[in-house]
Structures are given as C-alpha cells and as structure tokens.
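Keep the sequence open alongside as you read.

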Amino acid sequence: MKRYLTTMVTGFALSVAICSLAISADEQKALEGELKVGGTWMLEDLDEPSITDEALRDKTSASSFSVGKAPGAKGAAEYMDIADKESSVFTGADLNFRNKNFDFDFSGRYESSRDQDYYLKGAASRIFLFETDYSIFKHRLDHDYMENLNAHIFRAGPSTAANNGDPVGLPFAPGSAGAANNAAFYTAFPDKDPNTAGYQNGMSTLGAANVYNTDWDVAGRYYANRSEWNNNMKVNIPALPGLKFAFDHRQERRSGCKQAQTMSKCSACHIESYSKSINETTNDYIPKVSFQAEALNVEYSFLHRDFEDSSQEMMNGYNSMAEAHVPGFSPLLQFPAYSNNTLVSGSEVLPFSRTPDSTKDSHNMRLRYDIDAHNTITGGMVYSKTTNTQTDGGVAGLFSNQLVGLYGDDLELESTALMAKWNSRLTKVLNLTVHGKYQTLNNDNVAIDVNDGRTLGKYTNEPYSTLDFTRTSGYDLDILSAGFDLAWRAMHGMTVSGGYEFHQEDRQNYEHHDVPETTQEHTFKLKGDWRVNKKVNLGLGYKLQLTDDPYALYGAICPPDAGFATYAGPATAGTDYNRTYEPNIYAARQATRSNQAETAHEFTLKGSFTPMQMLTSNLYGKYRYAENSDLGGSDWTQDLFTAGLNVVATPSQKVTLTAGYNYFYDTYESMYCVAIYDG
Amino acid sequence: MITSSQFGSEHSDMDYETEAHTFMLGAAVEPMQKIRLSANASYTLGTGSLGEVYFSGLTGNLTSDLKLNYNVSTLNPNMVTLYNTYYVNQMENYSDLDFAQLDITLGASYSINKNVGVGVNYYYTDLNDDEEYVYGDQSSTLQSLMGYLSYSF
C-alpha cells in the first residue's frame with residue numbers, strides 16, 4: 001500500500017513542482033483545480049449483530065457458540081469500508097495543468113486506507129505520454145455459519161465401549177480400527193479427542209446418518225481488500241512517425257481474511273471451517289510496438305502474467321475413520337491413514353483451500369491493410385500458454401506428490417488462434433464484412449495415482465481394483481467460426497443489416513467426458529435502425545440460433561421410465577462390487593441433460609423519443625426464448641425478458657430531473673438430479 | 001468405497017424464476033446562484049424462487065432414523081428428527097430469495113465566494129432481506145452524513 005501511495009504522491013509532487021516552475025516561467029493560469037477536505041459521520045452503523053446472543057446460546061452443537069458471533073448483516077454495507085466506524089476524514093483533489101511543453105490531469109480521493117482512488121495523466125511534448133490509476137475498496141465477505149449442516153445429535157458421555165449399547169452405531173467410537181489408532185490420532189490432535197473434558201459431547205453422534213459442523217472461528221469477520229493499479233506509457237519517436245512503443249502494466253491485489261471450509265471423507269459428514277488470510281497478487285506486463293507505413297499497420301504485443309498466492313497455507317487434521325452402523329463397513333479412503341494400528345507419520349494433516357500459482361505468456365500479432373478506399377483486410381494471431389506452476393510442488397509428508405503432483409511437470413494449457421476479416425464498401429449504400437476464426441486448445445492430462453487402502457496394513461488383502469486414472473481435459477478442443485455481415489442503407493435515416501455465422505466445436509476427449517464430439521451452431525441476424533424524424537428513433541432486431549448437438553452430459557440422469565435407481569442394500573461380502581457407489585449412482589444415469597439451447601429466438605427493441613428540447617427519453621427491451629427437446633425427460637426451456645425506460649427533463653438551465661425503470665425476468669425449466677444418501 | 005445405506009440416484013422436474021424491478025429518480029436544482037441542491041433515490045425489488053421439486057422415489061424409502069422410532073427430542077429439543085432423505089423433497093423452501101433495497105442521497109452545496117465552498121451530503125441505505133439464505137438475515141440500515149470544504153483556483 002505504501003508503495004502505491006509513495007509512487008502516486010511522488011509522481012504528483014514532481015508534476016506539481018514541474019508545473020510550478022512552468023507557471024512562474026510562463027503563464028499564471030496554467031494550473032486549475034479544486035481541493036476538498038471533509039468528514040463522514042455514521043448515524044447508524046453495522047455493529048448490531050443480526051443474530052442475537054440468545055439465539056447463539058440456543059444452538060446446541062459441538063461447535064459450542066459460547067463466544068459472540070460476528071455480525072452477519074453486511075448487505076447494506078457490502079462495499080462500504082467506514083460502515084462500522086463512527087467517523088472518518090476524507091480529502092480530494094482535481095488538478096489540471098496545461099502549457100506548451102507539459103500537461104497533466106490529476107484527480108484523487110482518500111477516504112480510508114481501504115477506500116481510495118487516484119488518476120494521473122500526463123504528456124511531455126506529445127512524445128512521452130503517461131497514464132496511471134489506482135483504486136482500492138473493501139468487500140465484506142460472507143460467513144457461512146453452516147446451520148443447515150446440523151442433522152445430528154451428539155451423544156452424551158465419553159466414547160467408551162460401555163456406551164455401545166445405544167440404539168444405533170456410534171461413528172466415532174473406537175471400532176475395528178482399534179483403540180490404538182484413535183489414541184495416536186488424538187495424541188496428535190487433542191482438540192478432536194472425544195474423551196477429553198471439552199469435547200466429550202463433540203465426537204460421538206447418534207443416528208445412522210449424520211451431518212455436523214465445527215466453525216473454529218464463529219466470530220470471524222471476513223473481507224477482501226481489492227486494489228487495482230494500471231500504468232500505460234507511450235513513446236512516439238519524432239524521427240520515425242510511424243513507429244510507436246508502449247508499455248502497459250496492471251497489478252491486482254486481494255488481501256484480507258476469508259472462510260475456508262473442508263470436510264471429512266465418506267460416512268459421517270463433518271464440515272469444518274477456519275479463518276484464512278488472503279494475499280493474492282496478479283501482475284501483467286505488456287510491452288507493445290506498432291508500425292504504420294501508408295496502408296499497412298502492424299502491431300505486436302507480448303503479455304506476461306504472474307499470479308502468486310501467498311495466502312495462509314491451510315492444513316487440517318481429519319477425524320478418525322468413521323465406523324458406520326452397518327456391519328462390515330470399512331471406509332478405506334478416510335484420512336488419516338493407519339498401518340498396522342499405527343498412525344502413519346506425515347498423514348496427520350492434509351492441505352485444503354489452496355489456489356496454485358500460475359503464469360501466462362501470450363503473443364499477439366495484428367495486421368491491417370487498406371487495399372483501397374473501399375476495402376480493408378485485418379488479420380491476427382494469438383498464441384498463449386498458461387502454466388500451473390505448483391503441480392510439482394507437493395506437500396511434505398506421506399501424501400506429498402500423490403496429492404498434488406504431476407511428478408515434476410507443470411500443468412499447461414496452450415491456445416493458438418488465427419483470425420481474419422475483410423471489410424468492403426461494395427456500393428455507397430452496401431457494406432459487406434466477411435470474417436473467420438480458428439482456435440485450438442490443448443490442455444495437459446493429469447495422471448492420478450491413488451494411494452488406496454491395499455497398501456495399508458490390515459487392508460492389504462482387500463480385493464478392490466486399482467483406483468488410478470488419467471484425467472483428460474475438456475479444454476482439448478478445436479473451435480472454428482466463420483460468417484458475414486451485410487449492411488444496407490435503404491434510404492436516408494434507415495439501415496437494414498443482416499448476417500450469418502457458423503460456429504463449430506470439436507472435443508477431443510468427448511468419450512471420457514460422455515459429451516457430444518461435435519457441436520455446430522448456425523446464427524442468423526437481422527436488424528433495422530430507422531430515424532423516423534427528428535424526434536423519434538427506432539431499432540428492431542431478431543436473432544435465431546440453431547444448434548446441432550449442443551453441449552450435454554449423456555449420462556446425467558436415470559432414464560425417465562426408471563426415474564429412481566434403487567438401493568442395492570449393504571454389501572454381504574467385501575467382494576460384492578455391485579453394491580458399491582458406481583453401479584448405483586453413475587451407471588444408473590443413462591439419459592441426456594443439458595442447459596444449452598437447440599433453438600433460441602431473441603428479439604430486441606430500442607427507441608428514443610425527444611418531443612421537445614427539454615425532454616428526452618429512451619426505451620429498450622429484449623426477449624429470449626430458448627429450448628432443447630433432444631433430452632431424456634422433459635424439455636429444457638428458458639424465458640428471459642429485460643426492459644427499461646429512462647427520461648431526462650431539463651425545464652431550465654438550473655433544473656435537471658431524471659427518472660428510470662429497469663425490469664429483469666428470467667425463468668427456466670429443467671430437471672434436477674441428485675444422489676440420495678442415507679448414511 | 002461406500003456400502004452403507006446410500007441408495008442411488010433420483011431426478012425431478014424443476015423450474016427457477018428470477019425477477020427484479022429497479023426504480024430511479026433524480027433531481028438537481030440551482031435555486032440561487034450560490035446554492036446547489038440534489039436528490040437521488042433508487043429502489044430495487046428482487047426475488048428468486050425454485051418451483052416444486054418432488055422425488056417420487058423417496059417417499060417409500062424412509063430408511064433414516066425415523067424408522068428407529070427413537071424420540072430424539074429428549075436429547076435435543078431443537079432437533080426433533082435427524083437426517084432423513086425425505087427432506088430433500090422440501091428443498092424448494094430452502095433457497096428462496098426476496099429482498100428490497102432503498103438508497104437515498106441528498107446533497108447541498110453553497111459557494112461562499114469565487115474560490116471557497118461548503119457542502120453537506122446525506123446517505124441512507126436500507127436493505128430488507130425477507131428470505132434468509134445460508135448467510136443469515138442480511139437486513140440492515142445505514143445512515144451517514146458527509147460535510148466538506150472546497151477550494152477552487
């Protein structure tokens with residue numbers, strides 16, 4: 001923060017100093033502006049919690065809400081930093097300077113350390129041009145108290161074998177994994193030991209199925225400070241008027257604190273949340289060069305983007321394996337891992353809530369050539385490579401590379417795009433544009449090596465097949481589009497235009513993802529703009545989209561005539577694969593669903609009416625109807641309607657009145673598919 | 001590997017509807033040479049709701065704790081029943097959105113002389129959240145007053 005302020009203030013001070021000299025030397029009125037200082041007082045603030053202390057005390061949960069809960073109501077002040085303060089001081093300035101060699105414009109506002117914006121634009125003899133802006137604001141983030149995750153009752157009393165006479169099984173009682181397992185885990189994580197005084201009611205639950213939560217910071221108030229700093233610099237070389245150099249820089253930062261959640265695996269669902277610091281920085285560096293020689297204009301730019309996440313690295317120690325009420329249940333994939341009744345060193349905690357660092361390099365070439373006064377062609381090429389630089393990082397301990405690794409390789413996404421356009425003024429009233437684009441995307445595969453239970457002591461002889469697999473990407477595809485637009489000036493004040501575009505996507509890994517191999521889309525457009533008279537303008541448009549095989553998931557739901565995949569019942573033996581997850585959930589889903597349209601109609605209307613000089617009004621509206629009937633089950637449909645009316649009246653030079661209304665309506669019909677669990 | 005009493009996949013027709021109205025009014029008046037007054041107001045009404053969702057296969061499969069006939073309310077009066085798949089059929093009641101927000105800004109400025117001026121602005125925001133979502137009731141009201149001194153040159 002200080003760095004930005006220092007840069008801005010230094011730049012501003014230098015500008016003022018230069019200008020002061022210039023003023024004294026040249027003109028007295030070269031500098032104009034306004035300085036402002038003031039204060040803000042909150043008459044009603046956010047400090048009243050929306051959930052009362054009484055309500056908190058009524059909450060009977062292991063995540064004992066004995067401490068105050070953070071105010072939940074941020075709605076009115078989602079982006080207002082000073083909302084929970086009594087008062088603040090602000091300063092602002094607008095400055096403009098002009099003389100024959102230098103000029104600059106500056107505006108700035110300081111309300112608090114998390115609510116500021118500045119803008120500075122300057123030029124020296126039109127050779128060197130500089131523009132920079134900086135802004136920061138606070139965004140209050142949500143705190144999910146997870147009150148919907150309380151389908152449980154914590155059992156009274158410690159988890160001992162003597163309590164096993166309760167009506168149902170006790171998921172967290174010492175079970176077949178052995179007391180020694182739990183002891184090792186609880187030694188490492190005493191906070192999660194149900195036999196300690198503070199958590200006697202915290203680990204054992206009644207009921208065949210249960211969902212419960214632990215909020216480790218119920219008083220956490222979450223927010224993100226987002227700042228953006230843009231710099232643009234241009235250099236014109238007087239000796240070479242067609243040659244220009246430029247350099248752009250953009251920095252975006254997010255800092256603050258947010259809620260990070262994680263959950264246990266399989267059987268009982270234990271959702272835990274922690275407070276996590278945010279510290280993310282994105283830098284874009286974009287050098288550019290352009291050259292113009294008569295009819296030819298060429299521009300090349302290079303982008304290097306660097307995203308770095310220095311936020312808190314979250315780790316969680318998960319509960320011991322859950323023992324369900326069904327005899328013979330052996331949740332082998334539950335962390336932490338045990339081998340021969342001993343907690344495996346390094347498996348105590350696992351990472352969660354992380355965003356990998358990444359980089360992006362992009363080469364962008366554009367070319368424009370004016371063939372003659374009526375014909376222009378433009379072309380371009382963009383090649384980019386985005387890299388996840390942490391896939392080979394891993395986490396120290398047993399599950400290091402198995403969890404996050406590509407075994408030394410970065411995860412890369414490459415994209416190459418070629419585009420061309422020809423614009424021709426065929427006659428005085430007819431204009432034609434033909435355009436085309438081809439893009440190919442290639443994303444790396446990821447090999448998943450699962451360290452399954454067979455390597456762990458007591459489960460060595462279990463007959464489960466290997467769970468290793470290769471994840472292919474949906475970003476391996478080729479995209480082709482081509483089309484034309486024709487505009488005809490039918491008469492003075494009236495233009496009619498139409499166009500057609502073909503769009504095709506070929507997906508390389510369609511078989512793995514159970515989606516269409518090729519999607520083809522045809523778009524027809526027709527539009528008319530009519531200046532009826534000096535007071536009335538009208539515009540009407542219609543667009544039709546027809547799509548063959550829109551993106552869909554073939555195995556999305558059970559067939560409509562068998563809308564419910566039945567439960568196979570508890571396994572009778574460890575080798576009874578037919579009663580596992582896959583046949584009852586995924587294999588039972590054989591019908592297609594999609595939320596993409598086969599046919600879409602879109603109508604647009606815009607108009608303006610100026611009955612007299614002091615009164616102007618404009619109107620807009622859009623209606624879209626889309627449907628897809630090539631699905632299993634009912635059709636997918638969407639109705640969307642937006643409209644608005646704005647009126648401005650200026651009865652005198654000293655009075656301005658405005659009024660506006662906007663309307664939005666969207667409804668869609670679809671089918672909803674869920675996996676049903678009962679334990 | 002899951003071999004507990006998880007029992008499959010189910011689907012249902014559903015529809016979701018979103019609607020929003022926004023009204024805006026504004027006025028700027030200069031009643032005297034040195035005085036400027038302004039007033040702006042906006043009012044937004046927003047709703048979102050899920051239509052009926054009904055999984056017919058669930059009604060005959062109440063295999064959760066209800067079948068145990070165990071009166072859990074003696075342990076926790078707030079938790080009469082435990083997790084039960086039947087409750088999935090009530091999801092339409094869990095995610096409705098309904099809010100109204102009113103924003104008002106009033107401002108007045110006075111030019112003391114050619115270079116110096118003073119001003120005051122009043123800000124009022126009221127959010128009325130009629131349907132709590134997972135983040136709780138977001139209803140809140142904010143009022144603030146801003147005063148300033150300006151110097152033009």
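## A nonpolar patch

Which residues form a nonpolar patch on the surface, and with about how much accessible area together? In this predicted model, the patch is made up of Leu296(A), Leu367(A), Tyr369(A), Ile371(A), Ile377(A), Trp422(A), Leu426(A), Val434(A), Phe484(A) and Leu486(A), which together have about 780 Å² of accessible area. The elements that give two or more residues to the nonpolar patch are S17 and strand S23 (477-491) of chain A.

Trp422(A) is one of the patch members, and you'll find Trp422(A) in strand S19 (residues 411-425) of chain A.

Strand S12 (residues 296-309) of chain A has pairing partners to look at. One is strand S11 (residues 269-293) of chain A, which pairs with S12 in the antiparallel sense over 12 bridges. Across that pairing, Ser290(A) stands opposite Glu299(A) in S12(A). The hairpin of S11(A) and S12(A) has 2 residues between the strands, and Glu294(A) takes a positive phi near 55° there.

S12(A) also pairs with S17(A), again in the antiparallel sense and over 12 bridges. Here Asn297(A) stands opposite Arg368(A) in S17(A). As a general point, side chains in a regular strand alternate between the two faces of the sheet.

## Salt bridges

How many salt bridges does the structure hold over all chains? The count is 22. In one of them, the side chains of Asp81(A) and Arg114(A) meet at 3.4 Å, N to O. That pair links distant parts of the chain, 33 residues apart: Asp81(A) is in the loop between helix H2 (53-58) and strand S2 (87-98) of chain A, while Arg114(A) is in the loop between strand S3 (102-112) and strand S4 (115-124) of chain A. Asp81(A) counts as buried because its relative accessibility is 2%, whereas Arg114(A) is partly exposed, with a relative accessible area of 22%.

Arg305(A) is partly exposed at a relative accessible area of 30%, but Asp284(A) is buried at 4%. Both residues belong to a network of salt bridges that links Arg226(A), Glu228(A), Arg250(A), Glu252(A), Asp284(A) and Arg305(A). Elsewhere, the side chains of Asp370(A) and Arg368(A) meet in a salt bridge at 3.1 Å, N to O. Asp370(A) is partly exposed, with a relative accessible area of 26%, and Arg368(A) is partly exposed as well, at 41%.

## A look at Ser353(A)

Where is Ser353(A) found? Look in the loop between strand S16 (350-351) and strand S17 (358-370) of chain A. Ser353(A) is partly exposed, with a relative accessible area of 25%.

Now check what surrounds Ser353(A). Leaving aside neighbours within four places in sequence, Ser353(A) is in contact with Lys258(A), Ala260(A), Lys276(A) and Met314(A). The C-alpha atoms of Ser353(A) and Gln261(A) are separated by 7.2 Å, although these residues are 92 residues apart along the chain.

## Chain A overall, and a caution on chain B

Zooming out, chain A has 6 helices and 32 strands. Of its 679 residues, 39% count as buried. If you take the contacts in chain A with a separation of 6 or more, residues 24 or more positions apart account for 65% of them. Chain A exposes about 34500 Å², with carbon and sulfur atoms supplying 56% of that area.

Chain B averages a pLDDT of 80, and 75% of the residues score at least 70. pLDDT stays under 50 over residues 60-71 of chain B, for which the model has 22 contacts beyond four places in sequence. It also stays under 50 over residues 75-80 of chain B, where the model has 14 such contacts.

Note on methods
Residues are numbered from 1 along each chain as its sequence is written. Chains are lettered from A and ligands numbered from 1 in the order in which they are written. Side-chain values use heavy atoms; hydrogens and water are left out. Helices (H or I, at least four residues) and strands (E, at least two) are DSSP runs, numbered from the N terminus. Buried means under 20% relative accessible area, exposed over 50%, partly exposed in between (1.4 Å probe, protein chains only). Contact means heavy atoms within 4.5 Å. Two strands pair if DSSP finds at least two bridges between them. Patches are made of residues with over 30% relative accessible area and no salt bridge: like charges are joined within 9 Å, nonpolar side chains (Val, Leu, Ile, Met, Phe, Trp, Tyr) within 5 Å. Accessible areas come from the Shrake-Rupley method with a 1.4 Å probe; for residues, only the protein chains shown count as cover. A salt bridge is a side-chain nitrogen of Lys or Arg within 4 Å of a carboxyl oxygen of Asp or Glu. pLDDT is the predictor's confidence in each residue, from 0 to 100.
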